[in-house]
Structure formats: structure tokens, C-alpha cells
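Reader: I would like to learn how to read a fold from its parts. Where do we begin?

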Amino acid sequence: MLAGLLAFAMVQPKGLPEAVFAVPAAGLLVAVGVVGPEAASRQVVALAPTVGFLAAVLVLAQLADAAGVFTWVGARLARGSVGHPGRLLGRVFLAGSATTATLSLDATVVLLTPVVFATAARVRARPKPHVYACIHLANSASLLLPVSNLTNLLAFSASGLTFLQFAGLMAAPWLLVIGIEYLVFRRFFRSDLGGRPHGAEVVEGAGQPAPRFALAVLALTLLGFGVSGLVGVEPVWVAVAGAVTLAGPELAGRRIGVPALVRAASPPFCLFVFALGVVVAAVSGGSLGAAVTSVLPTTPTLPNLLLAAAIAAVLANLVNNVPATLMLVTALAGHAHPGLVLAVLVGVNIGPNLTYTGSLATLLWRRVLVRRDATPAQTEFLRLGAITVPLCLVVAVVAVWLGLTLGRGWLL
């Protein structure tokens, strides 16, 4: 069932949403007794805050787009690069890292990637390095905050950390991984980044003032995420508050409508995540789950953290990073030391840069490019991933271990 579900999600025959396969698959597993009704209900209830947050952030990102945030970002990218592809790449790294960390990797894939593609074309730069940067940063740069990736949200409660503790421990790995990716990209795409294009066109939004209200709402929402744990408020309510605040002027100005907001929340995808949780519960209770549990380490030594990250990266590329996270969090239940959870997240977030099947975001990114007749070459994607993934995994895990060692006092 899991294999069929992932295959359906990759191919999406006739454009059908993933839930078309996932919901009946989960229902069948419950009907034949592979997963009990109570276990399935517990899984759905446990996932509800995470899925609710995902929907709210997707709406928030769509509202930011309607307010002109991404058009403004595209204009800033073009103006700051002044026709130099190398400078444009640096600014794409900054924009992609910030977008992924604050609005989640989905916003980087769905909203920023088309803007970057169009911006590169309009300034007569080759789009390839810049759009590849979007997907690598959507995965790698999602390490920073619990809200940056669905995988982080799924594992956050198991870590036992507060929002600020999580961010504090992941800040160094996040910066180091982005730096490594940037240096590798400069070398890997040196032929695409060479020279200076001429005759750049005027980019849409070049004279547009900064969307200050929208940027202020996003900044306050991010601040709210940071203090929510201190006052006992779930992050989902902070995201909802940010979306409601931003929705007012956008709806009043008719720049977006209610149906568009409902579509932005992606109800079919939310159903897919719920169903996926039920299917993974069945897998976790079987031989694969037992095998994963048997090989996962239980103490946060540096070799064990490296092993946990490697297992997570391999599993993410075998079964996709969301099912992998659900399985690994289940396997760690009872001895989920914060370091092990963070090492697992390093693996499931960076690991998907190796193959198309590693994350749903990568599959979605590929569809964005296919629709623009710019299908990425699989061999090139694999070669780039083979260089960045192992190096980033090791450096990020070592940084996590150092953070845990040096910060032991404030974690207790």
C-alpha cells in the first residue's frame, strides 16, 4: 500500500490528487484489521495540529503572494544582480533560505521557484543554477525552525525542545549547510554562471514599493512562533492569526478570493497526510518498522548521531521523507533524545536532495519545471546530490553534536 501510494503521488495520473489513492488505501487497511480503528484514530488526532499548521502556512504564503511579496522579491533579485548570474545566484540563496525557514519549503517550491525562473529568463541568465538552488534550499534550508518543514513539525514534539531551543541548536547546521551548498553550486554550475548577459529586460514589479504591511505581518508571525511555546500556545494558532490578519486587506481589495484561499489550504493534500499517517502506522507495526527500530541508536554520541542521520537519509530516499519521519519518530518513542531527533531531521531534510523521490517537495518542484518545458535532467540532479548530500549530512550532524555538547546546561 505504501509503495503504491508513493508511486501514485509521483506520477499523479490525470492530475488526480494524492488523496484519491491514499484515503481508500488507509480505509482498506483499517477494514481488514491491519490497523485497528483506535490506532488509526489516535494517529489522525496526533497529526491534526501538524496538518492544521500546514494548511494555515500554505494560506499565509498564498496571501503573501497576493500582496506582492514574491513579485517584489523577484524585482529585488533582478536589480541586485545587475545582470551577473553569479550575483543572482547569491541573492536566490538568500531569498530561498529565508522563504524556506519562515514560510516552509512549500512556499519556496510553489511560489518562489516560478519567480526565480522568470527573473533569470528576463535578465538573460541561464535559469538552471537558480531553479536548482530553489529545490536544494527547500530541503536543506528547512533545518532551522520547527515550522520550516512538515517533517520538523512531525518530530518537534518528540524532541522535547522549545521553539527557541530547536532554532538555537539548528542555527549553526543551517548556516553551514547553506554555505556548503553555495560553494558547490558555484563550482558545479560554473559554465552557466560565467560571463555577463546583455540586454536584460525590465522585470515585472521593478517600480513596486515594498509590501510593508505584508512583510510586517510575516515578521510578527515569525516572532509569534518564537514566543508561542513560552506562553503555551500551539504554533498553528499563530499561523492562523497571521493568515487572518493578512487576509483582511487582500480580500477587501479583491486581490484574492475565498475559493482561492480554500485551494491554497490544499484540503486534498491534508487528507493525504492523514491517510499517509495511517498507512505508515501499519508499516511501522510490521517487519520494516521492526528493522528500523533495531538499527536506530539510542544514545546521542557523535557516531550514533551520524548513523541516525544516515539511516534517515536512506529511508527518506526509499519511502519518501514524510513516511520516513513518521516511522523514525515511532521507532524513537520512549528514548527520543533531542540529539537523535535532530539527527533524524538532518537526514530526512538534506537526504532528499539525492533523488526525485526523496521528498514530495522535490516531486512538486519537478512538475513546476515540466510545465515550463524545462524538465530537469535526472543524471544531473543525482550528480549534484551525490556531491552535496554526504558532505552536508556530516557537517550538519557534527554541528548538532557540538551544539548539544556546548549547550547542555540550557537544555536541561
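Author: With one residue. This is a predicted model. Glutamate 18 has a relative accessibility of 11%, so it counts as buried. The cut-off for buried is under 20%.

Reader: Where does glutamate 18 sit in the chain?

Author: Glutamate 18 lies in a loop, between helix H1 (2–11) and helix H2 (19–31).

Reader: Which residues does glutamate 18 touch, leaving out those up to four places away in sequence?

Author: Phe8, Ala9, Gln12, Phe269, Phe272 and Arg367. Keep Phe272 in mind; that residue is also among those with the most contacts inside the largest nonpolar core.

Reader: How should I think about such a core?

Author: Start with the general idea. In soluble globular proteins, nonpolar side chains tend to be buried together. Now the case here. The largest nonpolar core has 147 residues.

Reader: What is valine 346 in contact with, beyond its neighbours within four places in sequence?

Author: Leu143, Met170, Gly351, Leu393, Ala396, Val397 and Val400.

Reader: Now zoom out. What share of contacts between residues at least 6 apart in sequence joins residues at least 24 apart?

Author: In the protein chain, 80% of them do.

Reader: How many helices and strands does the protein chain have?

Author: It has 21 helices and zero strands.

Reader: How does the radius of gyration of the protein chain relate to that of a compact globule?

Author: They agree. With 412 residues, a compact globule would have a radius near 22 Å, and the protein chain has 21 Å. Along the principal axes, its C-alpha atoms fill a box of roughly 65 × 45 × 45 Å. Of the 412 residues, 55% count as buried.

Reader: And the surface and charges?

Author: The protein chain exposes about 16,800 Å², with 67% supplied by carbon and sulfur atoms. There are 24 positive and 12 negative side chains. The centres of these two sets lie 8 Å apart.

Methods
Residues numbered from 1 in each chain as written. Predicted model: local features only at pLDDT ≥ 70, side-chain atom pairs only at ≥ 80, totals over all residues. Heavy atoms only, no water. Helix = DSSP H or I, 4+ residues; strand = E, 2+ residues; numbered from the N terminus. Rg over C-alpha atoms; globule rule 2.2 N^0.38 Å. Buried < 20%, exposed > 50% of the residue type's maximum accessible area, 1.4 Å probe, protein only. Contact = heavy atoms within 4.5 Å. Areas by Shrake-Rupley, 256 points an atom, 1.4 Å probe, with all protein chains shown as cover. Lys, Arg positive; Asp, Glu negative; His and termini not counted. Charge placed at Lys NZ, Arg CZ, Asp CG, Glu CD. Core = buried A, V, L, I, M, F, W, Y, C linked by side-chain atoms within 4.5 Å.
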